[in-house]
Amino acid sequence: MAAIERHGVNARYSKAVIHGDTVYLAGQVAVEPVPAGAAEQTSKVLAQIDHYLAECGTDKSKLLSAIVLFSDLRDFDEVNSVWDAWVVPGHTPARTPIQTKLLTPPHRVAIQVVAAR
Amino acid sequence: MAAIERHGVNARYSKAVIHGDTVYLAGQVAVEPVPAGAAEQTSKVLAQIDHYLAECGTDKSKLLSAIVLFSDLRDFDEVNSVWDAWVVPGHTPARTPIQTKLLTPPHRVAIQVVAAR
Amino acid sequence: MAAIERHGVNARYSKAVIHGDTVYLAGQVAVEPVPAGAAEQTSKVLAQIDHYLAECGTDKSKLLSAIVLFSDLRDFDEVNSVWDAWVVPGHTPARTPIQTKLLTPPHRVAIQVVAAR
């Protein structure tokens, strides 16, 4: 039976949960201060993901899957330009983009990933 | 190769699918009779999740990840107050909240989880 | 440590990522030419999923979980009639339907699956 290890645990959720060699991160939105622009928010979200992956002993070259939530379709290209520069060529995850309302109005993008370690 | 075991199988989906030591539950909305309030719906959804986790030989202390779907942002605190009282302190899953329309109008909250066993 | 194998890799995402004996597919929408009808789109999406599962050495009898995204609730029965005829009886995945906007207006349905192999 694979061990479970949790990071950034609070009363509602954990920032990251490791099960065996699979790492589940909580969906990330840009933390305060939230930048206004979609590109700036995306950079911040991806830096947060880098941080939690590192805490779990892994990195973006081992991404398995990602859900990218857009609050506005018009941000698609701007978010993707930052995403495309961030991912490791040849190591991109299976990805599903969804347009939906985010829970907090200033947020334009949220990203949830699963990675190996 | 890890074995696959299915519970609550019907012609469209299974309520739970076990693969090795990972358990995938179908997204849950409150079953009939659907309570009107968001808190009451959340209690019912979480009881359903407890039931299927038990059928799979596991429990909420082994949650890995969760997606919480809200049909109305204004229910956020009410749903979370029930969620926060339900999760096991120190064992909270990686969680992603999404605001979206649910397929069935009386439903205000749907929750999909992945757990270890 | 389980090996990672990627299929259909481009600069933004991979069509399929295999980690050990778990297969993650990117969310699929019908490729060009996009059929107008929801049933026809669903057939095309499921054929694409069959294709990528085969590339990964598996098939729809080993589906673990699925998220089905509808852009319009009124397509629910039409999409499901194609889905129900496609799945293997007794081997249905844990499934979560979500109604949301899809990124591309002609698309009425998107499906993301995780499978064993």
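User: By what rotation is chain C superposed on chain A, and how are the two copies thus related?

Analyst: In this predicted model, chain C falls on chain A with an RMSD of 0.0 Å.

User: Do the copies use different surfaces or recurring ones, and what percentage of the contact residues of chain C recur in chain A?

Analyst: The copies use different surfaces. Of the contact residues of chain C, the share that recurs in chain A is 5%.

User: Which element gives the most to the side of chain C that touches chain A?

Analyst: This contact takes 22 residues from chain C and 21 residues from chain A. On the chain C side, β1 (4-9), β2 (14-19) and β3 (22-25) each supply at least two residues. The most, four residues, comes from β2(C).

User: Which element of chain B gives the most to the side that touches chain A?

Analyst: Here the contact takes 21 residues from chain B and 22 residues from chain A. In chain B, β4 (63-70), α2 (76-86) and β5 (94-99) each supply at least two residues of the side touching chain A. By class, that side has ten nonpolar, seven polar and four charged residues. The most, six residues, comes from β5(B).

User: In what order do the elements of chain A run from the N terminus on?

Analyst: Chain A has two helices and six strands. Read from the N terminus on, their order is β-β-β-α-β-α-β-β.

User: What is the radius of gyration of chain A, and what would a compact globule have?

Analyst: The C-alpha trace of chain A spans about 45 × 35 × 20 Å along its principal axes. A compact globule with 117 residues would have a radius of gyration near 13 Å, and the value for chain A agrees: 14 Å.

User: What percentage of the residues in chain A are buried?

Analyst: Counting as buried a residue with 20 or more other C-beta atoms within 10 Å of its own, the share is taken over the 117 residues of chain A. Buried residues make up 49%.

Key:
Residues are numbered from 1 along each chain as its sequence is written. Chains are lettered from A and ligands numbered from 1 in the order in which they are written. This is a predicted model: local features need pLDDT of at least 70, side-chain atom pairs count only at pLDDT 80 or more; totals for chains, interfaces and linings use all residues. Two residues are in contact if their C-beta atoms, placed from the backbone, lie within 7 Å. Ala, Val, Leu, Ile, Met, Phe, Trp, Tyr, Cys and Pro count as nonpolar, Asp, Glu, Lys and Arg as charged, and the others, Gly among them, as polar. Copies are superposed by least squares on the C-alpha atoms of residues with pLDDT of at least 70 in both. The radius of gyration is taken over C-alpha atoms; the globule rule is 2.2 Å times the number of residues to the power 0.38. A residue is buried if 20 or more other C-beta atoms lie within 10 Å of its own, exposed if 12 or fewer, and partly exposed in between; C-beta atoms are placed from the backbone.
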